[in-house]
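Thanks for coming. Please have a look at the model on the screen, and then we will go through a few parts of it.

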Amino acid sequence: MSLLQVNDVTHAYATSNSLWRPKRRTTVLSNVSLSIGPGICLGLLGSSGAGKSTLGKVILGLEKPLKGQILFQGHDLYDADASTRKLLRRDLQVVFQDCYSSVNPRMTAEQIIGEPLRNYERLSQFELRRKVEKLLTQVGLSPEDRGKYPHQFSGGQLQRINIARAIALNPKLIVLDEAVSSLDMVNQTHILRLLEELKLTLGLSYLFITHDIKAAHSISDALAVMDRGEVIERCDDAAQLLSSQHPSVKALMESMLSDHPRNRSVDRIGSKPKSSF
Ligand code: ADP
């Protein structure tokens, strides 16, 4: 059974050009269906505005779709009662692109990482500290970092704090919404390696939302491509994606590759072993 099943989801935002004009609905997701199995990373590729983040929000229970169904661990996320939803939400976490705005600048690393634990588990102060220290070590930081504030960390370190918070409750699925996109190449590589390690050791599944085909290829077990609110292609690896005959996929791949001068060779991306990202 799939861990996550997105069934025929359609969504629209109500927008208006002016205060006086009536709002009209702009469709941003059209009949989107996909699934993610346990321990699988699905890379969701697409250019800006394709609807990737909206789909992420719908999956996280943050944006109720107009139509369709999100089944997580067999439960309909939007039809479940409040207590089931709270339990499902525990297994469904997120890491966003902007590591700085994802945290409260007045909270220490310990408070940030400890927040979900305080919400869901009854731990003593001592147990909470031990758990936070373990999580800091798991994401490659030092237990002594627990007293530091966000401004005392680099972007890469702060994204590790966000990842520690996301794994604190041993979730099943993490939505990574452009989670490495704002980092420099070195930090991107390190965070992608960390994510891959955590996926293996903790048996996590990821929805890896990105506009970067190389990052997607380095971590994903399967890829899906979105364009103008629709999933237009699904495949198992970048090589398959790059040989897609779908005109929109071809155009998108070309624009993605030309964004990255280092990666303009299609063969290089398609044949690159995952571990060598
Ligand atoms: P992506 O993540 O692929 O860049 P998004 O899901 O962020 O795409 O956006 C898809 C479309 O929905 C875009 O046209 C965007 O402007 C629009 N959109 C996103 N969020 C909102 C919102 N809260 N209200 C109105 N329109 C929105």
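Which residues in α3 meet residues in α4? On the α3 side they are E110, I113, G114, L117 and R118. On the α4 side they are Q125, L128, R129, K131, V132, L135 and L136. Before going on, note that this is a predicted model.

Now some context for those two helices. Helix α3 covers residues 109–120, and helix α4 covers residues 125–138. Sorted by class, their contact has six nonpolar, two polar and four charged residues. Two packed helices are described by the angle between their axes and the distance between the axes. For α3 and α4 the angle is about 115 degrees, and the axes are 10 Å apart. The crossing of this pair is right-handed.

Next, the sheet. How many strands form it, and in what order? There are six, in the order β6-β7-β8-β3-β9-β10. The sheet is open, and its pairing is mixed. At the edges are β6, residues 92–95, and β10, residues 230–235, each of which pairs on one side only. From one strand to the next, the twist averages 20 degrees.

Strand β6 runs parallel to β7, residues 173–177, and four bridges join the two. Within this pair, V95 stands opposite L176 in β7. Helix α5, residues 155–167, packs on the sheet and touches both β6 and β7. The direction of α5 makes about 175 degrees with that of β6.

Where does T210 sit? It is in strand β8, which spans residues 205–210. Is T210 buried or exposed? T210 has a relative accessible area of 1%, and because buried means under 20%, T210 counts as buried. Leaving aside neighbours within four places in sequence, T210 is in contact with L44, L45, G46, K52, E178, S181 and A216.

The second residue is G203, in the loop between α6, residues 185–202, and β8. G203 has a relative accessible area of 45%. That value lies between the 20% and 50% cut-offs, so G203 is partly exposed. What separates the C-alpha atoms of G203 and P38? The distance is 7.4 Å, although these residues are 165 residues apart along the chain.

That is the end of my part.

Terms used:
Residues numbered from 1 in each chain as written. Predicted model: local features only at pLDDT ≥ 70, side-chain atom pairs only at ≥ 80, totals over all residues. Heavy atoms only, no water. Buried < 20%, exposed > 50% of the residue type's maximum accessible area, 1.4 Å probe, protein only. Contact = heavy atoms within 4.5 Å. Axes fitted to C-alpha atoms, helices over the stretch in contact; angles between N-to-C directions. Left-handed = near helix turned anticlockwise from the far one by under 90°. Nonpolar A, V, L, I, M, F, W, Y, C, P; charged D, E, K, R; others polar. Pairing = 2+ DSSP bridges.
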